[in-house]
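The following note goes through the structure in numbered points. Please keep the sequence and the 3D view open while reading.

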Amino acid sequence: MTLDYKGATEKYEPTLGLEVHVELNTNSKMFCSCATEFGASPNTQTCPVCLGLPGALPVVNGKAIESTILIGLALNCSIAPYSRFARKNYFYPDMPKNFQTSQYDEPICVDGYLDVEIETDDGPKTFRVDIERVHMEEDTGKSLHVGGSTGRIHGAEYSLLDYNRAGIPLVEIVTRIIPGTGKYAPQVARAYVTQLRDILRSLGVSDVKMEQGSLRCDANVSLAPIGSGLLGTRSETKNVNSLRSVERALTGEIERQANRLEAGERIIQETRHFLEESGLTRPGRSKEQAEDYRYFPEPDLVPVTPDAKWIEELRAKLPENPADRRKRLQKEWNVPDSEMNSLINAELVDVVEETIKLGAEPTRARTWWLGEISRLANEKEVAPTSLITTAFVAEIIALITSGDLTDKLARQVVEGVVNGEGSPKDVIEKRGLKVVSDDSALMVAIEAAIAAQPDTAERIRGGNIPAAGALIGAVMKATGGQADAAKVRELLLRHLGQGQETR
Amino acid sequence: MTNIHSTAAEMASALAAKEISSVELTQQHLDRIAAVDGKIHAFLHIDSAGALEQAGAIDKKRASGEKLSPLAGVPIAVKDILAQKGIPTTAGSKILEGWRPPYDSTVVAKLKAAGVVILGKTNMDEFAMGSSTENSAYGTTQNPWDLTRTPGGSSGGSAAAVAAFEAPLAIGTDTGGSIRQPAALTGIVGVKPTYGAVSRYGVVAYSSSLDQVGPFARTVLDTALLHEAIAGHDERDSTSINAPVPQIVAAAKRLDVKGMKIGVIKELSGSGFQAGVSARIAESIELLVAAGAEIVEVSCPNFEYALAAYYLIAPSEASSNLARFDSMRYGLRVGDDGSKGAEEVMSATREAGFGKEVKRRIILGTYALSSGYYDAYYGSAQKVRTLVKQDFDNAFAKADVLISPVTPTTAFKIGEKSNDPVAMYLSDIATIPVNMAGIGGMSLPVGLADEDGLPVGLQIMAPVMQDDRFYRVGGTLEAALLSKWGKPILSNAPDLAGQK
């Protein structure tokens, strides 16, 4: 009988291990001054160093070291006063030197942790993920295998190589094994990667775009019978390109391993390739025989010896932990979990906070970003933050609060700004969207409305307040919607002798 | 009258005085190369057009009154291991056949900026692995003193070019003795600067932690002039030392060693060294004493392990450095007939493109770095390196400079050691400790061995970044020897142009 996920985790205990590769967003590469822009024409961002030409030598990018130390500090690591690069030797066409310059047994950051919170059947629960090391290395080039059925090097007719990516600074964050997550293993992994991504983003050290490969997760998992205290053989799943995939890949892999074990088969130590469409993994490279990379200290580079004072300066610069910050903001804004989650999922926490900082009224700031702006962004299939600046949103909200714009007019202003008609001020001017708040101008319209519907006016005089709606509607229509409806109501009622009415 | 037999300093002052143009001087050397290089084979590539163009540009600058560097307009030969933009650079290997670097090494860029005229690229043991140039994929270089003998190596082409008056100056590299040993075997001056004193950027790497670029010339002063022109911190070489270059030209001109303590290394003397070599070293010591130096004996007990450790460290680094030669991006490509995969083509290219000694060292290094062997081999070798450094530290506590012979013997016959790698390796026994410790050393010609009439070299060593010390001692001793001999040592070498 085949085990489903529930069955699998009732019988087996998964043990996780996560390796996350982060491309740093430094302007230049790890060991040379080449640009790192994503999506440039193939081989246009290369030089003798990153092409591994004979004689070329590496020089460490100081900014990359700074970014890595920041990551280490944010993950509660110790920063090594002395660390070195090593050479990892293996042959591959997209590796210009046929060795990767990487840190090996002397990494720059060690022994950290990250606490991640997930929802369990018994409410929120925190898991501590221990971090073994954070180290620097360089990325390889990219191979494009043309022809053949698999898109892999074997069977391809020819391969194209792009070395733009070769030498881009990578930081590898390696956890210790994560035991005791039980059936929540996939959620813990997802929460860890999510939280890590948020931290990296708050540090400003990476674009952290999983779909572009600037954040990559290799998910290791092994199973052992519950209570056995054993550690099973692990597999390592690669090509996990989204947060959701982290969870799916592990769920699928735990199921697969459990069923193999049920069938009396052994788990092969190998890398597996996650297939986005099916949620399954297919086998990749066997790791049964450990490859001998012949590591040795990189003789072309001097040891990295950051001084303690600099590290403390960096520590002082660390931004607030994103998870703590969210809790704080939720409290400050006094919003329910559901709304906070909507903001988080829509990646709008930062802009809302910024908009409020610029003076916008908090409730309006949240409503506008989550509502109208998100709706427009959805229509255009872009991120809300790409449509309009926080300064413009704050400006529009200020005009609403002061009564210079109605919500309806404000929507038109937002639309105008989004369509590139200029600043809110420009749009208001060009489209003539000012609220008509001049009492005498409104009174003309009110008197005209009363003249047109004398019966209604009479009913209002007689105390039928709800009947005012019809006259207000007529005034609004006459002013092209630019009047403040509340103001119209107030003037109208007072004019008809109902001025004491309280709403 | 300035001619190819003049010193570089003489050439430089004649150029400055406009007694000769750089074009004329360059042409004289090109003519000399045309006349004798058929016998010597010092050059792998002669860039006549480029050299004359560079010389013409310098002459024009001089005519317009522009301020020029001391060596502007003087020709030079450059070892074929330094990248020069657009000029074939092979490192003596088939695997780099046809490669024209798209960039200049820092040393070449400095030479160009100083107006030094680059005549061409010189022969060498493949990837600087060897002590005779016999490992070149492009044929052996002959020693100008005796065409049946090697000029030493790996920078044998550069040394031979200077000794044969094809160039007054040359650039070499020294990983285990590859400047000092050929300098000794050809009767010229060669210096391995302190590790990190001269940029390695653009030097095809053999063993990164040991490789160092350095100058060759026929006099101590000429060597110092070239040394100053190429030395200095380079941002593109992380291992380059960020400190002022010592005053080496001034030291070369000082001609005074009064009160200096000169240490004679016990372990690098006596048996194991050719009698004629030991005799010339003893004479040199007498001359130094006469000049006012004090001689002390020092012991370096760990030197006996240096050679073995070197042959673990250098091949280990080489096995990784040479991995990039895979036919994918440049150089030779063999067997790419459309039916083979990348791995097969890589393999076929490396099989065809690397010579025997290079393969030997790649295999040796790959083995030494393998998991399970690393600690025993690479790890132990690094410990020996530390011990060698300590030996030097202890010795330099007693002496300002240390001296020893450069080589156990004078120039050996071509073919004599080519089938016995260990015998070949032993010719670097006195030079290797210097590379292991990262200090600098000079090879100074101190006479001819009685038994074969071939040049003998004295090695003078100084602590890290104190390279000026061996220039001071070398300059003083050179002057004493010259006044004893009455003529330069190279005037004893055969007149190659006359021989048919």
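1. M465(B) is partly exposed, because 19 other C-beta atoms lie within 10 Å, whereas a buried residue needs 20 or more. The backbone at M465(B) shows a positive phi of about 60°, although the residue is not a glycine. Its place is the loop of chain B that runs between β11 (455-462) and α16 (467-485). As the model is a predicted one, these values describe a prediction.

2. N76(A), a residue other than glycine, has a positive phi near 60°. The loop that holds N76(A) lies between α2 (62-74) and β2 (78-79) of chain A. With 15 other C-beta atoms within 10 Å, N76(A) is partly exposed.

3. Which two residues of chain B are joined by a cis peptide bond? They are G153(B) and S154(B), with omega at about 5°. S154(B) belongs to the loop between β3 (117-122) and α5 (156-163) of chain B.

4. Strand β4 (residues 169-173) of chain B runs antiparallel to strand β6 (residues 213-217) of chain B, and five bridges join them. A170(B) has F216(B) in β6(B) as its bridge partner.

5. Eleven bridges link strand β1 (residues 12-23) of chain A with strand β10 (residues 215-225) of chain A in the antiparallel sense, and G17(A) stands opposite N220(A) in β10(A). β10(A) also pairs with strand β11 (residues 235-240) of chain A, again in the antiparallel sense, over four bridges. There, C217(A) has V240(A) in β11(A) as its bridge partner.

6. The overall form of chain B may be considered next. Its secondary structure comes to 16 helices and eleven strands. The radius of gyration is 21 Å, close to the 23 Å that the globule rule gives for 500 residues, so chain B is as compact as a globular protein of that length. Its C-alpha trace spans about 70 × 55 × 45 Å along the principal axes. Of the 500 residues of chain B, 62% count as buried. Among the contacts in chain B with a separation of 6 or more, 77% come from residues 24 or more positions apart.

7. How many residues of chain A are in contact with chain B? There are 25 of them, and they meet 34 residues of chain B. The side of chain A that touches chain B has 16 nonpolar, four polar and five charged residues.

Notes:
Residues are numbered from 1 along each chain as its sequence is written. Chains are lettered from A and ligands numbered from 1 in the order in which they are written. This is a predicted model: local features need pLDDT of at least 70, side-chain atom pairs count only at pLDDT 80 or more; totals for chains, interfaces and linings use all residues. Two residues are in contact if their C-beta atoms, placed from the backbone, lie within 7 Å. Ala, Val, Leu, Ile, Met, Phe, Trp, Tyr, Cys and Pro count as nonpolar, Asp, Glu, Lys and Arg as charged, and the others, Gly among them, as polar. Helices (H or I, at least four residues) and strands (E, at least two) are DSSP runs, numbered from the N terminus. The radius of gyration is taken over C-alpha atoms; the globule rule is 2.2 Å times the number of residues to the power 0.38. A residue is buried if 20 or more other C-beta atoms lie within 10 Å of its own, exposed if 12 or fewer, and partly exposed in between; C-beta atoms are placed from the backbone. Two strands pair if DSSP finds at least two bridges between them.
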